[in-house]
Amino acid sequence: MYTRNSTETWLPFEQTVALLEGASLPGLVFGSGMAAVAAALSLVPDGGVLVLPQHTYQTALGHVGREAVKHGWEVRLVDIADTAAVVAALDGVGTGGAGRAGSPLTSRPADVLHMESPTNPMLEVADLPALLAAARERGVRTIVDNTFATPLVQQPLAWGADVVLHSATKYLAGHSDVVLGVIVTDDAALREELHAYRSFHGAIAGPFEVWLALRGLRTLHLRVERSQANAVELARRLYAHPGVAEVRHPSLVGDPGHERATAHMLGYGSIIGLRPRTMSGRTPAQTADAVVAAMDLWLPATSLGGVASTLVRRRRFATDSPPVPDDLIRLSVGVEDVDDLWDDLDTALHSVACTTAAA
Ligand SMILES: Cc1ncc(COP(=O)(O)O)c(C=O)c1O
């Protein structure tokens, strides 16, 4: 009828993502992950209460800040790994997470719970089955940004999520050559509402990009399997490295997210958080920048989830939130040979952080 509403080129991608997420209705493709986030958050009513992780993807948080002013939302930021605090925030009681900004201002129950797990970039793991059940009991609508896990690792609809979304720019497309988003829901009325949002706002996906993403989806299982295996091995080696002060990956037995990830996820994801040992005479941020600059095979890049391994010091962006450590390097592990990836990391860490440790 009219390609702003839907096209035959979008449909195979929308159907495939829905199948992967376990939905019976086709997904809805958007021009970017942020377009999908904005569409999903349009479900928060005017004057409504929104609960979301303090470490939600930074641009999504920025969007929430702007919309909250326009629509009179009360926004409660929570530590998503603290299940009791999130439930308290849903009920409008307590501080919603150790008295942080975003604590309940009123005792009104929440309207929408938006979640990421693992979070970007702190890799906190939420107890999604428990939180989705708690939200459902209370009639709170739920949105899960499943970008970091992929549907091969967790399927939040099966735990009762109303809406699941992805930045398809990342793992779903998988080759760092498109910007796309997608939403999946099994609720026909919600799908209708989100479809109308997409048509009325009109910022739709290009058919060629969607075709590329469909091509990428065909290797999702191979890419996820390989990049996760690489990440587990690299996290293990980094943990024992003298140039490393801290490494975060849910595969590590001591990681705060380990037990939950083992219980609920079919893998640990392929994002690693790394803090190098600080060089003498340099700040933690300068040390982390020096490590990034010393890498050869790994590409310095903001995006993630592609076949090529990339890394970035998150706080180099002024928009990233202060609770994120200044020297946190986010590694997105790709599908290359694990020893090649290790050699590069090891050499960079030795040339920067280890000289320090000895000094
Ligand atoms: C978890 C998460 N959600 C959403 C987005 C936004 O996606 P896009 O860049 O495709 O707009 C990102 C981008 O980095 C992300 O990491």
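**Sheets, buried elements and the ligand site**

Strand β9 (residues 271-276) is joined to β12 by 4 bridges, and the two run antiparallel. The model is a predicted one. Within this pairing, Leu274 stands opposite Ile329 of β12. The side chains of β12 divide between two directions. Ile329 and Leu331 point one way. Arg330 and Ser332 point the other way. All four of these residues are buried. In general, side chains in a regular strand alternate between the two faces of the sheet.

Another sheet is built from 7 strands. It is open, with the order β1-β7-β6-β5-β4-β2-β3 and mixed pairing. Its edge strands are β1 (28-30) and β3 (74-78), each of which pairs on one side only. Neighbouring strands are turned against each other by 20° on average, direction ignored. Helix α5 (residues 128-138) packs on this sheet and touches β4 (112-116) and β5 (141-145). The direction of α5 makes about 170° with that of β4.

The pairings at the β1 end of the order can be followed strand by strand. β1 pairs with β7 (residues 181-185) over 3 bridges in the antiparallel sense. Leu28 stands opposite Ile183 of β7. β7 in turn pairs with β6 over 5 bridges, also antiparallel. In that pair, Ser167 stands opposite Gly181 of β7. On to β5, the sense is parallel: 3 bridges join β5 to β6. Asp145 has Leu165 in β6 as its bridge partner.

Strand β6 (residues 163-167) is largely enclosed by the rest of the structure, because 5 of its 5 residues are buried. Both faces of β6 are covered. Val163, Leu165 and Ser167 lie on one side, and Val164 and His166 on the other.

Helix α2 (residues 33-41) is a further enclosed element. Of its 9 residues, 8 are buried, so the helix is largely enclosed by the rest of the structure. The buried residues are Gly33, Ala35, Ala36, Val37, Ala38, Ala39, Ala40 and Leu41. At the start of α2, a side-chain oxygen of Ser32 reaches to within 3.3 Å of the backbone nitrogen of Met34.

Several polar atoms face ligand oxygen. A polar backbone atom of Gly33 is 2.8 Å from an oxygen atom of the ligand. An N or O atom in the side chain of Ser167 is likewise 2.8 Å from a ligand oxygen atom. For Lys170, a polar side-chain atom lies 2.7 Å from an oxygen atom of the ligand. On its own, the ligand has 390 Å² of accessible area, and the protein covers 90% of this.

Ser167 is buried on one side of β6. Ser167 stands opposite Gly181 in β7. The Ser167 side chain also has an N or O atom 2.8 Å from a ligand oxygen atom.

Definitions and conventions:
Residues numbered from 1 in each chain as written. Predicted model: local features only at pLDDT ≥ 70, side-chain atom pairs only at ≥ 80, totals over all residues. Heavy atoms only, no water. Pairing = 2+ DSSP bridges. Axes fitted to C-alpha atoms, helices over the stretch in contact; angles between N-to-C directions. Contact = heavy atoms within 4.5 Å. Polar contact = N/O pair within 3.5 Å; in protein donor to acceptor, adjacent residues only side chain to side chain. Areas by Shrake-Rupley, 256 points an atom, 1.4 Å probe, with all protein chains shown as cover. Buried < 20%, exposed > 50% of the residue type's maximum accessible area, 1.4 Å probe, protein only.
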